[in-house]
Amino acid sequence: MRSVISVICYIFLAPLIGGYLAGFDRKISARMQRRIGPPVRQAFFDVNKLWHKQVIAVNRAQSMMLASYLIMMIFTGCMLFAGTDLLMTFFVLSTSSTFLYFASVITSSPCSTIGGNRELLQMMAYEPSVLLTCVGFYLACGSFNVRDIISGDVSMIVYLPGVFIAFVFILTIKMRKSPFDLSASEHAHQELVQGIATEMGSRNLALFKVTEWYENVFLLAVVALFIINRHPWSWVLAVVVAVIVWFFEILVDNASARMKWQKMLEITWIVTLLSAGVNLFVLMLIF
């Protein structure tokens with residue numbers, strides 16, 4: 001019963017939370033740049049306006065791809081909040097990203113296609129860290145099951161500090177923040193206009209935005225997974241840690257310039273191997 005309630009809460013509350021996170025993101029970023037910024041509900045206003053605009057698509061198949069992207073992302077979050085297999089959850093997450101790639105390249109637009117190709121490069125950068133995260137949870141608690149992970153006596157971050165650092169590092173890529181905002185960006189320095197979202201308009205762009213809200217809530221929930229244990233107070237601490245990580249990503253986004261994809265791959269793999277890889281090696285020696 002608890003799993004059903006968690007899934008229902010994710011389906012209906014994740015876009016609400018994600019929309020406000022996007023609003024506060026823009027507000028905090030504006031303050032960091034000595035601007036007033038838009039109201040925190042601006043993200044909802046934007047999506048509502050896009051949804052009621054005339055539907056004009058470069059390729060009608062793009063709408064189907066983006067709808068699949070949204071459905072798979074919702075399914076990914078439902079699997080996590082239902083307490084099922086974490087490894088399978090991340091496999092479904094990768095599948096949803098594949099639909100986003102197809103939605104960008106199916107338009108045959110140069111900017112959108114290059115953005116899609118960069119999205120694949122970003123997947124190559126962060127997927128090893130995602131896989132090692134799953135392996136780390138398995139080595140630490142002996143199971144991929146989320147229910148087993150959160151029912152331990154201690155938080156998993158005690159055994160997986162290096163894995164946690166590596167996962168937080170790739171969140172910059174997953175959330176499309178500088179210096180790794182290669183495939184899409186809200187900032188003016190993006191030479192591809194909006195990259196993968198260049199040819200998305202009206203309802204298609206609204207679907208993309210809402211899916212990003214779902215994904216950001218899912219990613220922060222994984223961060224919380226490192227903290228939660230069988231003690232009730234750990235849930236409060238998990239929320240605090242997730243908020244700190246979210247704020248850290250905003251800070252990095254506003255303090256960094258975008259780098260080339262070659263450097264992104266190099267740095268991400270180095271951090272993954274030195275942080276998560278060494279952590280898992282030590283964990284195998286201990287257990």
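**Figure 1. Trp269 and the residues it touches.** Leaving aside residues up to four places away in sequence, Trp269 touches Met124, Ala125 and Pro128. This view comes from a predicted model. Trp269 itself is found in helix 10. Look for Ser129 here too: the C-alpha atoms of Trp269 and Ser129 are separated by 8.0 Å, although the two residues are 140 apart along the chain. Is Trp269 buried, partly exposed or exposed? With a relative accessibility of 36%, Trp269 counts as partly exposed.

**Figure 2. The whole protein, for orientation.** Let's step back for a moment. Along the principal axes, the C-alpha trace spans about 55 × 45 × 40 Å. Buried residues account for 50% of the 287 residues. What about contacts along the chain? Take the contacts between residues at least 6 apart in sequence: 76% of them join residues at least 24 apart. The protein exposes about 13600 Å², and carbon and sulfur atoms supply 70% of that area.

**Figure 3. How confident is the prediction?** The average pLDDT of the protein is 90, and 97% of the residues score at least 70. Which element has the lowest mean pLDDT, and which the highest? The lowest belongs to helix 5 (residues 110-141), with a mean of 90, and the highest to helix 7 (residues 161-174), with 96.

Figure 4. Val278 is a handy one to zoom in on, and you will find Val278 in helix 10 (residues 261-286). Val278 has a relative accessible area of 43%, so this residue counts as partly exposed.

Figure 5. The structure holds seven salt bridges, and one of them joins the side chains of Lys174 and Glu215, with N to O at 2.8 Å. This pair links distant parts of the chain: Lys174 sits in helix 7 and Glu215 in helix 8 (residues 202-225), 41 residues apart. Are these two residues buried or exposed? Both Lys174 and Glu215 are buried.

**Figure 6. Arg176, a residue with several stories.** The side chains of Arg176 and Glu212 meet in a salt bridge, 3.0 Å from N to O. Once again, distant parts of the chain are linked: Arg176 lies in the loop between helix 7 and helix 8, Glu212 lies in helix 8, and the two are 36 residues apart. Glu119 joins in as well, as Glu119, Arg176 and Glu212 are linked in a network of salt bridges. Arg176 has a relative accessibility of 10%, and because that is under 20%, Arg176 counts as buried. Glu212 is buried too. The backbone is worth a look: Arg176 has a positive phi of about 55 degrees although it is not a glycine.

**Figure 7. Lys263 and Glu266 along helix 10.** Here Lys263 forms a salt bridge with Glu266, and the closest N and O atoms are 3.8 Å apart. The two residues are three apart in helix 10, so about one helical turn separates them. Lys263 is partly exposed, with a relative accessible area of 38%. Glu266 is also partly exposed, at 42%.

Figure 8. Most residues other than glycine have a negative phi, and most peptide bonds are trans. Now for the exceptions. The peptide bond from Ser178 to Pro179 is cis, with omega near 10 degrees, and Pro179 lies in the loop between helix 7 and helix 8. Where does Arg34 lie? Arg34 is in the loop between helix 1 (2-32) and helix 2 (42-51). Arg34 is not a glycine, yet it has a positive phi of about 60 degrees. At 81% relative accessibility, Arg34 counts as exposed.

Notes: Residues are numbered from 1 along each chain as its sequence is written. This is a predicted model: local features need pLDDT of at least 70, side-chain atom pairs count only at pLDDT 80 or more; totals for chains, interfaces and linings use all residues. Side-chain values use heavy atoms; hydrogens and water are left out. pLDDT is the predictor's confidence in each residue, from 0 to 100. Helices (H or I, at least four residues) and strands (E, at least two) are DSSP runs, numbered from the N terminus. Buried means under 20% relative accessible area, exposed over 50%, partly exposed in between (1.4 Å probe, protein chains only). Contact means heavy atoms within 4.5 Å. Accessible areas come from the Shrake-Rupley method with a 1.4 Å probe; for residues, only the protein chains shown count as cover. A salt bridge is a side-chain nitrogen of Lys or Arg within 4 Å of a carboxyl oxygen of Asp or Glu.
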